[in-house]
Structure formats: structure tokens, C-alpha cells
Amino acid sequence: MIQLFHVFKNFGSNVALRDVDLRIREGEFVFVTGPSGAGKTTLLRLMFGAERPASGHILINGINLNRISRTKLDLLRRKIGFVFQDFKLLPRKTVFENVALALEVTGERRSFIRKKTHQALRLVGLAEKQTAYPLQISGGEQQRVAIARAIVKDPLVLLADEPTGNLDPDLTKDIMVLFRSVYMKGTTVVVATHSRDLLEDTEQRTILLNRGRITG
Ligand SMILES: Nc1ncnc2c1ncn2[C@@H]1O[C@H](COP(=O)(O)OP(=O)(O)O)[C@@H](O)[C@H]1O
Ligand SMILES: [Mg+2]
């Protein structure tokens, strides 16, 4: 479960989040939406512990992110998959290596890492691109590598920031199907998007942000 209590976040005089109160249940699928600059990315980064709130509290499964050590935060992050808006793939590593890396930090056995990495790449439809380098594949494929990397560790929570950003409608649909299958396995999924198209035919809960405030 993800809980936010009266969370404020500013960057200098720029206020990104104002008094955000939020509760996302375990196994829920929610969209965070709102115009550019509304605070969506900041909200996700706070949930990942990549930013600290100026005031207020964030709890992940009852653990207060303000109160835990760096080591414990690293451990907690292993259970959270994050799909970054700009992918953050390593250009000198292959598709396979980029995904496997997410598991190598956990100290799992090689054979296990190989198996899980293949599974994740199959799930996103990239099994045959595993030896390619990020710059040799399309933007949509890079996006799917970023998703495979986030889900390979079977996270409890999947946070995705504009995951369909620059994709065409068909690929967008594929990726939403992918997220839905992750959600069906019991993972909590939070997708930030400014795109109305994504929300059109969905019954999922939608949190609307405007200038850092939840307005719906
Ligand atoms: N690292 C940063 N430094 C300064 N201002 C930032 C930073 N990150 C976000 N902001 C500001 O915080 C506000 C919310 O940004 P962001 O969370 O990126 O919104 P969104 O993802 O909805 O477009 C914006 O006004 C943005 O300019
Ligand atoms: Mg953003």
C-alpha cells in the first residue's frame, strides 16, 4: 500500500506538490494525470524515494520513507519497478544485459537471472532483440526494454512515467495490455500520463493533479 500524508514538495520557489493526501491500495491500478508541470513525475519520484518531501509523509507498505536508512531504502527499491520517461538504458550494454542488471544487484544465481530475463523479454515481445544495443532498436522497443527491466524483479509496485510518451496508438495499446497483465498478477501499478487518449476507455481510478494539487 502507498500512502501520502500532507505531502509538499518544492524546488526553490517552484512548488511541485501541495498538500497531497493519497492512498493507493495493494494490487490497485491507478492513473495519475494532469497537464504538463502538474507534478506527476515528482509524485512518482517521491514514491520511489528518489526525492524527499519538504514536509509530509510517504509510507510504502507501512514503511515511512522519511525515517529509513539509505540501505533499507535500497532494499525497498528492489521491490519497486520504475519505468523512466527517458528510459535510462545503458548504451554499451545489450538489451539482455540492461534487463539482467536489475537482478544482478539482488545477488540471485546466474541461471535464475537468465531465466527471468528471458521471461521478461518474451513478455514484452523482444526475445529476438536480446543481443542488440539500445541504439540499434526503435524508440518503442527501447520503451519495452525499460518496461522489461522494471518488471523482471517481480516488483510489488510498478511506477511508470509517461510510458507511452512517443509511441504510436498500436504500440500504446500493446503497452497498456502489458501493464494490465502485470496488474492481474497482483502488482500495484501507477501510471503517470498527460495523454487523454490513454484514459478514454478505462474504468481505472484516475488521480487528477493540477499545479501540484489533487483536484479529482
Ligand atoms: N528538478 C527540478 N528542479 C526544478 N524544478 C522542478 C524539478 N522537477 C520538477 N520541477 C518543477 O516542478 C513542477 C512539477 O513538475 P513535474 O513533476 O515534472 O510535472 P509533470 O510530470 O506533471 O509534468 C514543475 O513546475 C517543474 O518545473
Ligand atoms: Mg512528467
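Predicted model: local features only at pLDDT ≥ 70, side-chain atom pairs only at ≥ 80, totals over all residues.

Visitor: Let me step back to the whole chain. How many helices and strands does the protein have?

Guide: There are 7 helices and 10 strands.

Visitor: And what does the radius of gyration say about the overall form?

Guide: The radius is set against the value for a compact globule of equal length. For 216 residues that value is near 17 Å, and the protein has 17 Å, so the two agree. Along the principal axes, the C-alpha atoms fill a box of roughly 45 × 40 × 35 Å. Buried residues account for 37% of the 216.

Visitor: Now the sheets. In what order do the strands of the 4-stranded sheet come?

Guide: To read a sheet, follow pairing from one strand to the next. This open sheet runs β2-β1-β4-β5, with antiparallel pairing. The edges are β2 and β5; each has a single partner strand, so one side of each lacks a neighbour in the sheet. Inside the sheet, β1 (residues 2–11) pairs with β4 in the antiparallel sense over 5 bridges. For one bridge to find on screen, take F8, whose partner in β4 is S55.

Visitor: What is the order in the sheet of 6 strands?

Guide: That open sheet has the order β6-β7-β8-β3-β9-β10, and its pairing is mixed. Here β6 and β10 (213–214) are at the edges with a single partner strand each, so one side of each has no neighbour in the sheet. A parallel pair to look at is β3 (residues 29–33) with β9 (residues 205–210), joined by 4 bridges. In that pair, T33 stands opposite L208 in β9.

Visitor: Which residues are around ligand 1?

Guide: The list is F11, N14, A16, G34, S36, G37, A38, G39, K40, T41 and T42. The elements giving two or more residues are β2 (14–24) and α1 (40–47), and α1 gives the most, with 3 residues. By class, the shell has 3 nonpolar, 7 polar and 1 charged residues.

Visitor: How many residues of α1 are buried?

Guide: α1 is mostly covered, with 6 of its 8 residues buried. They are K40, T42, L43, L44, L46 and M47. Just after α1, G49 takes a positive phi of about 75 degrees.

Visitor: What about residues other than glycine?

Guide: Most residues other than glycine have a negative phi. Two residues to check against that are N61 and F87: N61 has a positive phi of about 45 degrees, and F87 has one of about 65 degrees. N61 sits in the loop between β4 (55–60) and β5 (63–64), and F87 in the loop between β6 and α3. N61 counts as partly exposed because it has 13 C-beta neighbours inside 10 Å. F87 is partly exposed too, with 18 other C-beta atoms within 10 Å.

Visitor: One last helix: what covers the buried residues of α5?

Guide: Start with the helix itself. α5 (residues 139–151) has 13 residues and reaches 19 Å from its first C-alpha to its last, close to the 18 Å expected. Its buried residues are Q143, R144, V145, A146, I147, A148, R149, A150 and I151. Their cover includes β6 (80–83), α3 (95–104), α4 (110–123), β7 (157–161) and α6 (169–184).

How values were computed. Residues numbered from 1 in each chain as written. Chains lettered and ligands numbered in written order. Rg over C-alpha atoms; globule rule 2.2 N^0.38 Å. Buried ≥ 20, exposed ≤ 12 C-beta atoms within 10 Å, placed from the backbone. Expected span 1.5 Å × (residues − 1). Contact = placed C-beta atoms within 7 Å. Near = placed C-beta within 6 Å. Nonpolar A, V, L, I, M, F, W, Y, C, P; charged D, E, K, R; others polar. Pairing = 2+ DSSP bridges.
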